[in-house]
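Please read this briefing alongside the sequence and the coordinates. It is arranged by topic.

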Amino acid sequence: MLYIEMSREEAHGGGTWGFPNCVWAPTRKKKGAGTWPFWNKVADLRPGDVVLHLRGKLDKAHFVGFSNVAAPGFETFQRPPEPGEWGYSESFYRADLEGFTVLHEPVNLRALFRAHKDDFIAYFEKNKKGERRNIFYVLQAGRLQCLNGAYLSDVDEELFNIMFPDVSQPSGAKTREALVSVPTGTQLRTVRARIGQREFADAVKSAYGNACCIPGCSVADPRFLVGAHIARWSDSEALRGNIGNGLCLCLVHDRAFELGLFTLDEAYQVVVNPREIAADTPMCRELRAVEGLRIRAGSVPPLSDALLEHWVRVDIVPWERHESSREARITAALG
Ligand SMILES: [Zn+2]
């Protein structure tokens, strides 16, 4: 998922709480006036999410860079050294960031509003009637304005594309006003690629009933499950959002699959890596015990293209295993 952090002041918290180490917000409004969705969102952040930083006041507000979320957001009674006007709060939400990337050129928000005004307005009206995402701007008396206090807001693919038409695509630069330079556009493409990863993971997990699909594995606690990619996210643009490129795996089986300790054949049966099969480790013993068994089927079967990519990447030829295991079965049957 992608979020915008909108902040007017530079320090914002100071110390390890300062920009761009983390995003943080008070957990409640002043004098028990309730909670605020643009603050609660900090607690929703998960590794893999990306935060775009919008900084500065009014006409000077610029998108200056983006960061990756390093660890899940949490509530804490520790305090920022410079809490500013939020010093009243007893506790705070905080999510740590990493990999801050400065945009080659900051992108001025007012210029974006001006250039794509109709698109921004159409998105605002549509959002009001439909999804009601917490977005960072409002339409007031025909003018686009930042929404006061919209500290951390949602950005879906549609809104992202309104803000940053893909200038790194040859056709994009010609058809849209080039407010974003080509190098900045290239940086933003990496951000674009991340949108939807969380939706993908959630959809994959629910397709498998929120349980690890490896036979005999009993992990069904969402905190220990991932919606894993069969073909790597970075390797296959075509398969990216496709649920058939996903498997619901527990953290251990995800790691084993990623490392190529096993793959699945075209009948979705576990195939242990022949180079690992003799290894006398608990992991390999466990995998050997389920070799040849079919995974628990989800509502969307794995795509053969995705499996093929995994076989190539981890260098396992599943039908070779078939040959030897069939021979073994025949021998056993005859013997
Ligand atoms: Zn498992």
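**A buried loop residue and the overall fold**

Asn245 lies in the loop between S10 and S11, where helices (H or I, at least four residues) and strands (E, at least two) are DSSP runs, numbered from the N terminus. The model is predicted, so local features need pLDDT of at least 70 and side-chain atom pairs count only at pLDDT 80 or more, while totals for chains, interfaces and linings use all residues. Residues are numbered from 1 along each chain as its sequence is written, and side-chain values use heavy atoms, with hydrogens and water left out.

**Surroundings of Asn245**

- Asn245 is buried because its relative accessible area is 1%; buried means under 20% relative accessible area, exposed over 50%, and partly exposed in between (1.4 Å probe, protein chains only).
- Not counting residues up to four places away in sequence, Asn245 touches Phe200, Ala228, His229, Ile230, Ala231, Leu239, Leu303 and Ala306, a contact being heavy atoms within 4.5 Å.

**Chain as a whole**

- The chain comprises 11 helices and 13 strands.
- Of the 335 residues in the chain, 45% are buried.
- Among contacts between residues at least 6 apart in sequence, 68% join residues at least 24 apart.

**Zinc site**

- Cys212 (SG), Cys217 (SG), Cys250 (SG) and His253 (ND1) coordinate the zinc ion at 2.1 to 2.3 Å. Donors are N, O and S atoms within 2.8 Å of the metal (3.2 Å for Na, K and Ca); water is not among the atoms, so sites may look incomplete.
- The arrangement is tetrahedral because the 4 donor atoms subtend angles of 97 to 116 degrees around the zinc ion. Four donors count as tetrahedral if all angles lie between 85 and 135 degrees.
- For comparison, the ideal angle for four tetrahedral donors at a metal is 109.5 degrees.
- Along the chain, the donors of the zinc ion follow the spacing C-x4-C-x32-C-x2-H. Distant parts of the chain are linked by the pair Cys212, in the loop between helix H7 (197-207) and strand S10 (225-229), and Cys250, in strand S11 (residues 246-250), which are 38 residues apart.
- Cys212 counts as buried at 0% relative accessibility, and Cys250 is buried with a relative accessible area of 5%.

**Packing of H8 and H9**

- Helix H8 (residues 251-259) packs against helix H9 (residues 282-290) at an angle of about 90 degrees, and their axes are 12 Å apart. Axes are lines fitted to C-alpha atoms, for helices over the stretch in contact, and angles run from 0 to 180 degrees between N-to-C directions.
- H8 and H9 are therefore roughly perpendicular to each other, a term that covers angles of 65 to 115 degrees.
- In this contact, Val252, His253 and Ala256 of H8 meet Met283, Glu286 and Leu287 of H9. The residues of the contact divide into 4 nonpolar, 1 polar and 1 charged; Ala, Val, Leu, Ile, Met, Phe, Trp, Tyr, Cys and Pro count as nonpolar, Asp, Glu, Lys and Arg as charged, and the others, Gly among them, as polar.

**Backbone features**

- Most residues other than glycine have a negative phi, and most peptide bonds are trans.
- A cis peptide bond, with omega of about -5 degrees, joins Phe19 and Pro20.
- Ala141 has a positive phi, near 50 degrees, and counts as exposed at 86% relative accessibility.
- Tyr268 has a positive phi, near 65 degrees, and is buried with a relative accessible area of 18%.

Notes:
Tetrahedral: all angles 85-135°; square planar, octahedral: opposite > 155°, others 65-115°. Parallel < 35°, antiparallel > 145°, perpendicular 65-115°, else oblique.
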